[in-house]
Amino acid sequence: MRAHRWAVLSVGLFSSLPVFAQSSEDEAGDVAEVDKDRVGPLRERIPPVSGHLFRKKGRFELSPSASLSIKDAFFTKYMLGVALTYHAWETFGIGAHFTYAFPVVAGAAQVCNSDPTAGPVGCRSPTMTELDGRAPGQINLIGGLEGQWAPLYGKFSLFAESFIHFDIYALGGVALVRYAGPAASGLGSSTDTTVGGNAGVGMRVFLNRWLTLRAELRDLVYRENVLPLPATQLRQQIFFELGFSMFIPSVFTDQ
Amino acid sequence: MTRISAAALVLLLFGGRALAQKEGLGLDLTDDAKKDEQKKDEQKKDEPQEAAKPEPSKASAVADKQPPAPPPTLGEREIIQEDRVKSVQRKVYLKKHRFELAPSVSTSINDPYYSKYAVNIRGGFYLADTLAVAARFSWLGAFGTGYVYPNDDVRTAKRDFQSRIFYSVPQWMTMGDLEWSPLYGKVAIFNSILHIDAYLLGGAGVVQTETSAQRGLNPAVDLGIGMRFVAKDYLAVNVALINTTYVDQPAGTTKGATQNLMMLGAGISVFLPFRSTGREAE
């Protein structure tokens with residue numbers, strides 16, 4: 001819950017930025033340096049960030065990606081996925097995503113034995129079989145629908161010699177999560193499916209008029225069955241995703 | 001230690017370039033040759049037209065009889081001259097020789113068992129527009145009663161796997177950093193403009209943990225990235241991801257272990273003096 005409060009705080013901070021920027025127009029006297037673009041004589045004719053290299057409105061975005069789960073206590077998930085998004089507006093799109101996960105034993109996981117009669121005393125990394133069905137977080141599949149809102153479009157000057165066009169977006173939606181949970185028999189695991197929600201932020205760096213490099217940080221929240229059954233646990237899983245996006249059609253008009 | 005060396009080398013290599021940057025020049029996409037050509041054209045325009053007009057001669061008389069030449073096409077030089085709007089225009093806010101005071105909050109994102117939250121205060125001074133020295137103090141006991149907060153997986157690990165989780169409990173840290181911001185740009189948001197820069201930081205300092213009373217402060221190194229969204233001459237919002245590495249001997253064990261405390265933070269930056277020095281260059 002603390003993480004959620006912090007997320008709200010961060011969103012609040014960013015949301016307040018345009019308010020700060022807008023209020024400066026009301027100031028009398030000198031125009032501040034950062035406000036000159038906003039109130040200058042060319043403002044009506046020139047968009048805030050000129051040379052808009054990339055338009056998304058009316059285009060599909062096909063995104064193959066690879067992602068990695070972070071902050072894992074028991075299972076680290078390596079994931080391959082694909083997403084298809086339709087950008088109905090320049091700043092808003094809706095899409096579907098599908099991700100297949102390969103869980104492995106996380107580095108932080110350990111199993112310890114303090115009973116000399118039960119084997120060597122000490123701690124070691126557990127095997128996949130030891131964790132299967134006993135430890136939470138063994139996600140196999142994620143699929144879902146989500147909305148994407150990209151209010152920020154900008155460009156960076158790199159060493160004052162080249163320019164990087166990018167946009168930053170927020171996303172949120174519902175997800176179906178398939179995972180290996182505890183079996184009712186108490187032996188091994190059984191596959192369960194549950195509904196969750198995910199939210200995240202991402203950044204696209206435009207390589208040309210149809211191809212982008214995409215990085216995303218995503219937080220998936222879902223409820224999972226845990227031992228002893230029928231107990232459940234609300235789990236939070238963070239993913240870092242890296243991929244490409246191909247925009248279809250590959251050409252677009254400026255307006 | 002190799003990471004510190006690499007970071008120091010990178011900062012040295014690019015720091016010179018940062019220091020060499022002239023205040024207020026910003027960006028100009030037209031190269032020098034084209035600027036010279038432009039100056040010559042302007043000089044020609046200033047000369048009296050009479051001087052430029054040649055004496056009538058036989059050659060000109062012949063030329064008069066020839067059909068008129070087609071109108072000149074717009075060459076690259078003319079296009080550049082017409083293009084008064086550069087892709088990323090000159091920097092309108094400058095940070096050189098200004099102070100930055102930045103309070104922020106942050107949370108750990110890499111510890112699977114124990115979450116940490118911190119309140120930070122950072123002060124920086126910009127030696128050049130892209131290079132700053134900064135000091136940061138972080139207090140991890142501001143939220144709740146403790147310094148770390150266990151999640152449900154701690155219970156599962158101890159109950160089902162008899163795990164013995166030895167964890168470091170950082171209480172506060174103070175770090176000195178060099179910040180280098182090679183990326184400068186602007187973004188459009190809600191039909192407003194924000195100027196942004198992105199920076200890398202690296203430095204060293206000390207971390208106080210719960211076992212520091214017996215062992216003393218733990219030396220630490222910082223490595224991180226961040227972005228600043230400038231709303232006004234004196235105000236920015238910044239986000240940063242900083243990894244602090246230190247060696248600690250947690251309670252309950254005699255073994256020391258390298259700890260990586262990766263914190264994602266957000267806060268505001270206030271620049272002093274309030275006015276950007278960019279206006280003086282105009």
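## The second largest cavity

In this predicted model, the lining of the second largest cavity divides by class into seven nonpolar, seven polar and two charged residues. The space inside the second largest cavity comes to about 140 Å³. Its lining is made of 16 residues, and those nearest the centre are A:His97, A:Thr99, A:Ile142, A:Arg218 and A:Glu241.

Strand 2 of chain A has the largest share, with four residues.

## The largest cavity

For the largest cavity, turn to chain B. The volume of the largest cavity is about 230 Å³, and 22 residues line it, with B:Ser104, B:Asn120, B:Arg136, B:Ala240 and B:Ile242 closest to the centre. Its lining holds twelve nonpolar, seven polar and three charged residues.

Several strands of chain B supply at least two lining residues each: strand 1 (99-108), strand 3 (117-128), strand 4 (131-139), strand 6 (170-189), strand 7 (192-209), strand 9 (235-248) and strand 10. Strand 9 of chain B contributes the largest share, five residues. Altogether, the count of cavities of 30 Å³ or more is six.

## The second largest pocket

Next comes an open space. The second largest pocket holds about 710 Å³. Among its 23 lining residues, B:Phe166, B:Tyr167, B:Ala257, B:Thr258 and B:Gln259 lie nearest the centre.

Strand 10 (residues 257-272) of chain B gives the most to this pocket's lining, with five residues. Sorted by class, the pocket lining has twelve nonpolar, seven polar and four charged residues.

## The disulfide

Back in chain A, there is a cysteine pair to look at. One disulfide turns up when the whole structure is searched over all chains. A:Cys112 and A:Cys123 form this disulfide, with 1.9 Å between their sulfur atoms. The pair links distant parts of the chain, eleven residues apart: A:Cys112 sits in strand 4 (residues 111-113) of chain A, and A:Cys123 in strand 5 (residues 122-124) of chain A.

Why is the disulfide of A:Cys112 and A:Cys123 called right-handed? The torsion about its S-S bond is about 105 degrees, so the disulfide is right-handed.

Methods:
Residues numbered from 1 in each chain as written. Chains lettered and ligands numbered in written order. Predicted model: local features only at pLDDT ≥ 70, side-chain atom pairs only at ≥ 80, totals over all residues. Heavy atoms only, no water. Disulfide = S-S within 2.5 Å. 1 Å grid on protein atoms, 1.4 Å probe; cavity = no way out; pocket = protein on both sides within 12 Å on 5 of 7 lines; lining within 4 Å. Points joined across faces, edges and corners; volume = space filled by probe spheres on them. Nonpolar A, V, L, I, M, F, W, Y, C, P; charged D, E, K, R; others polar.
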